[in-house]
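Reader: I have a structure to look at and a few questions. Can we go through it together?

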Amino acid sequence: MASPRRVLPRALAALTALALLAPAGCGGGAAAGSAPTTELRYQGSAGQVTLPELAADLGYLGDVRLNWIGNVTGGPQDIQATATGQSDFGGAFNGAIVKLAAANAPITAVISYYGSDAQSFQGYYVPDDSPIRGPRDLVGRKVGMNTLGAHAEAVLKTWLSRGGLSAEEIAQVELVALPPVNIEQSLRQRQIDVAVLGGVIRDKAVANGGIRTIFTDFELLGAFSAGAYVFRDDFIRRNPATVKAFVAGVGRAIEWARSQPRETVVARFESIIAKRGRNEDPSLVRHWKSSGVAGRGGVITDQEFATWIDWLAAEGELKGDKPRPGDVYTNEYNPFAAGGAAA
């Protein structure tokens, strides 16, 4: 596979353009005066179970139904589909959402869905015998990640910058986009020098042995929610009850997974994969530990967007005034925001 070298604006340029060109009324929103939309088109992830899928299986979405339209490998692709009306909701790294918001894209984040904590995090891995130990060792090296212009790239560049590398030196670190299921193999075959691994894919790779971390996003930034689900603003206006049911259900699923023994959650994931019949390998979910979501019920905080607003501004990627976190997300539809819980 080719090894593209790109920076954040190039990785998101097409996404921003598509979002801005998308007609305001596109997508699955109900037409004015018609019944609300209760079927949500979405993209999943092969061999994994998303929080909305878990919420649906637990019966937490009420009358809202999910309509799987395919799988996606990265957040920017997922919210691109939402911005252009191909899906009704999508999830991405908060920095990617900020980039779109700064370009006046008509989307709003409504609930956190993944993050990093002591159990679940994104790690930057090398073979045990690699000479790479610190930031300066990455100059001229290849780093494989699931998608460019998102979480893995932003965290990596933050680590490199804090390690004393100049912008010119950071530009010499080659970023390679690879399907998540292929990243571990690419590292072991020495096609890349560093692999960014997260979630169950990371846990499975670590269990296979022979690799070590050079750093993790949890070590760098502490516990935080890193990504959120977004809807188009026109969909929210036309279907507020549907959005509220979705957010409440996903929030309940987050808390269900947090409160259950790990074995119970894994068994539920395996059952969901078996029932949906997509010819998938269920072995990944057996390594699940946590969603990493920091806030109760997926409640979003200002800091979870402010961190990346400040980083993008420092990188010169935001033109004009910086957006405020409150311009990018809302907790209006989340019953956990007021300290309560979904019924």
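Reader: Which residues in the largest nonpolar core touch the most other members?
Author: Leu 54, Leu 138, Leu 156 and Phe 305, out of 98 residues in that core. A nonpolar core is a set of buried Ala, Val, Leu, Ile, Met, Phe, Trp, Tyr and Cys residues joined through side-chain atoms within 4.5 Å, and buried means under 20% relative accessible area with a 1.4 Å probe, protein chains only. This is a predicted model, where local features need pLDDT of at least 70, side-chain atom pairs count only at pLDDT 80 or more, and totals for chains, interfaces and linings use all residues. Residues are numbered from 1 along each chain as its sequence is written, and side-chain values use heavy atoms, with hydrogens and water left out.

Reader: What does Leu 156 touch?
Author: Not counting residues up to four places away in sequence, Leu 156 touches Tyr 124, Leu 138, Val 143, Met 145, Val 173, Leu 175 and Phe 215. Contact means heavy atoms within 4.5 Å.

Reader: New topic: what is the strand order in the open sheet?
Author: β7-β6-β8-β5-β9, five strands with mixed pairing. Strands are DSSP runs of E, at least two residues, and helices are runs of H or I, at least four, numbered from the N terminus. Two strands pair if DSSP finds at least two bridges between them.

Reader: Why is one side of β7 and of β9 left without a neighbour?
Author: Both stand at the edges with a single partner strand each, so one side of each has no neighbour in the sheet.

Reader: And in which sense do β5 and β9 pair?
Author: Antiparallel, over five bridges. Tyr 124 has Phe 215 in β9 as its bridge partner.

Technical notes:
Buried means under 20% relative accessible area, exposed over 50%, partly exposed in between (1.4 Å probe, protein chains only).
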